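Biologist: Could you take me through this structure? I would like to begin with the strand pairing and then move on to other features.

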Amino acid sequence: MEPTDVSESILMQHVIYGEFGEREVLQVAQAPVPEPREGEVVIRVHGAGLNPIDWKTRKGLGFAARQIENRLPWTPGYDVAGEVVAVAEGVTTLAPGDRVMGMVGFPAGGGAYAEYTLARADELAIVPDELDLVTAGAVPLAALTAWQALFEVARLESGQKILIHAGAGGVGHFAVQFALERGAHVVATASPANRDFLAELGVHEVIDYHTTDVAEECYGLDVVLDLVGGDAGKRSLHTLSETGVLVTIPTVTADDIVSAAEVMGLRAHGMTVRPDVFHLDEIAELIEDGDVRVHIEQAFPLDQVQAAHALLEGGHVRGKLVLDCR
């Protein structure tokens with residue numbers, strides 16, 4: 001390990017849960033600062049992003065929970081940004097002092113809800129100077145989900161027309177900006193409270209999902225990005241052109257929506273995000289150039305993690321929530 005001011009004798013705070021359950025299972029505990037193994041670095045965490053997968057896994061739901069059920073107690077969190085404080089021998093791409101962000105430890109490792117965490121050097125992108133490290137912690141998983149859904153699965157192109165459900169949410173507010181930057185015509189669903197927010201981002205049309213049925217409002221679309229799932233996803237199949245494609249993110253209802261599309265002779269796909277540092281570098285460049293902004297609704301200190309999960313589970317966050325772990 002390179003010389004550093006982090007030593008084994010230092011204790012750090014981190015969040016753990018020893019069983020699946022309600023948010024009360026989230027506890028703040030102490031542990032030694034970890035040491036990097038081959039290919040790893042230690043990050044002094046500034047921001048740890050909160051994502052829906054975090055509360056679902058905590059409740060024992062979904063594929064990530066199956067990965068960790070025999071590894072409890074476990075420290076959640078896949079989104080991290082902070083400063084590199086130590087590197088393992090052989091790591092040449094990063095050095096102490098580097099400002100980094102990444103989607104780390106996915107799906108079984110986690111570890112971001114902490115003052116210090118380990119990450120593989122190849123999982124990390126450099127954070128633009130324009131972006132503070134607490135805010136940067138909210139970027140990786142949501143932005144990568146939006147990027148991969150739009151450009152890998154849907155293959156969105158300039159001039160196409162896209163509907164994005166829940167456009168003001170964590171994934172949604174990145175997706176609308178990426179689609180606009182690519183030159184698409186963007187329609188988004190949102191509550192009336194988020195209409196102005198989406199208009200400021202440049203969205204062409206905002207549909208109030210409380211009062212308007214998208215299947216009656218939209219037709220002939222090239223792409224639908226469904227961040228809601230269930231009936232909203234199924235209804236949205238009616239908005240597609242014959243050659244259009246729907247990408248649905250919530251895994252619980254993905255199979256049903258894909259099956260419904262097949263019956264209608266249409267294309268629909270589910271997807272699971274994966275870490276990709278090259279995509280993250282491209283996203284960082286858009287943020288650096290001012291083409292994409294990151295909206296944080298609220299930052300919570302580590303010891304208020306239960307309150308953060310309460311808001312996260314409510315499902316009506318504008319932009320992102322983040323833990324401020326400094």
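Predicted model: local features only at pLDDT ≥ 70, side-chain atom pairs only at ≥ 80, totals over all residues.

Biologist: Which strand do five bridges join to E5?

Modeller: Strand E4 (residues 79–87) is joined to E5 by five bridges, and the two run antiparallel. In this pairing, Glu83 stands opposite Arg99 in E5.

Biologist: Is E5 largely enclosed or largely open, and why?

Modeller: Strand E5 (residues 99–103) is largely enclosed by the rest of the structure, because four of its five residues are buried.

Biologist: What follows E5 in the chain, in the loop between E5 and E6?

Modeller: That loop contains Pro107. The peptide bond from Phe106 to Pro107 is cis, with omega near 0°. Another cis peptide bond, with omega of about 0°, joins Leu72 and Pro73. Pro73 belongs to the loop between helix H2 (62–68) and E4.

Biologist: Turning to pockets, what is the volume of the second largest pocket?

Modeller: Its volume is about 460 Å³. The lining of this pocket consists of 25 residues, and Gly109, Gly110, Gly111, Thr117 and Leu118 lie nearest the centre.

Biologist: Which elements give two or more residues to that lining?

Modeller: They are strand E1 (11–16), strand E2 (27–32) and strand E6 (116–120). E6 provides the largest share, five residues.

Biologist: How do the lining residues divide into nonpolar, polar and charged?

Modeller: The lining of the second largest pocket has 13 nonpolar, seven polar and five charged residues.

Biologist: Now charge pairs. How many salt bridges does the count come to?

Modeller: The count comes to 13 salt bridges. One of them is between the side chains of Arg58 and Glu313, at 2.8 Å from N to O. Arg58 lies in helix H1 (residues 52–58) and Glu313 in helix H11 (residues 305–314), so this pair ties together parts that are 255 residues apart in sequence.

Biologist: Which residue forms a salt bridge with Arg293?

Modeller: Glu200 does, with the closest N and O atoms 3.5 Å apart. Arg293 lies in the loop between helix H10 (277–288) and strand E14 (296–301), and Glu200 in helix H6 (residues 195–201), so the pair ties together parts that are 93 residues apart in sequence. Arg293 is partly exposed at 38% relative accessibility, while Glu200 is exposed at 60%.

Biologist: And what is the distance between Glu40 and Arg37?

Modeller: The closest N and O atoms of that salt bridge are 3.3 Å apart. Glu40 counts as buried, at 11% relative accessibility, whereas Arg37 counts as exposed, at 54%.

Biologist: Finally, the backbone. What is the phi of Arg155, and where does Arg155 lie?

Modeller: Arg155 has a positive phi of about 55°, although it is not a glycine. Arg155 lies in the loop between helix H4 (140–153) and strand E8 (161–164), and is exposed with a relative accessible area of 59%. Ala166, also not a glycine, has a positive phi of about 60°. Ala166 is in the loop between E8 and helix H5 (170–181) and is partly exposed, at 29%.

How values were computed:
Residues numbered from 1 in each chain as written. Heavy atoms only, no water. 1 Å grid on protein atoms, 1.4 Å probe; cavity = no way out; pocket = protein on both sides within 12 Å on 5 of 7 lines; lining within 4 Å. Points joined across faces, edges and corners; volume = space filled by probe spheres on them. Nonpolar A, V, L, I, M, F, W, Y, C, P; charged D, E, K, R; others polar. Buried < 20%, exposed > 50% of the residue type's maximum accessible area, 1.4 Å probe, protein only. Pairing = 2+ DSSP bridges. Salt bridge = Lys/Arg side-chain N within 4 Å of Asp/Glu carboxyl O.
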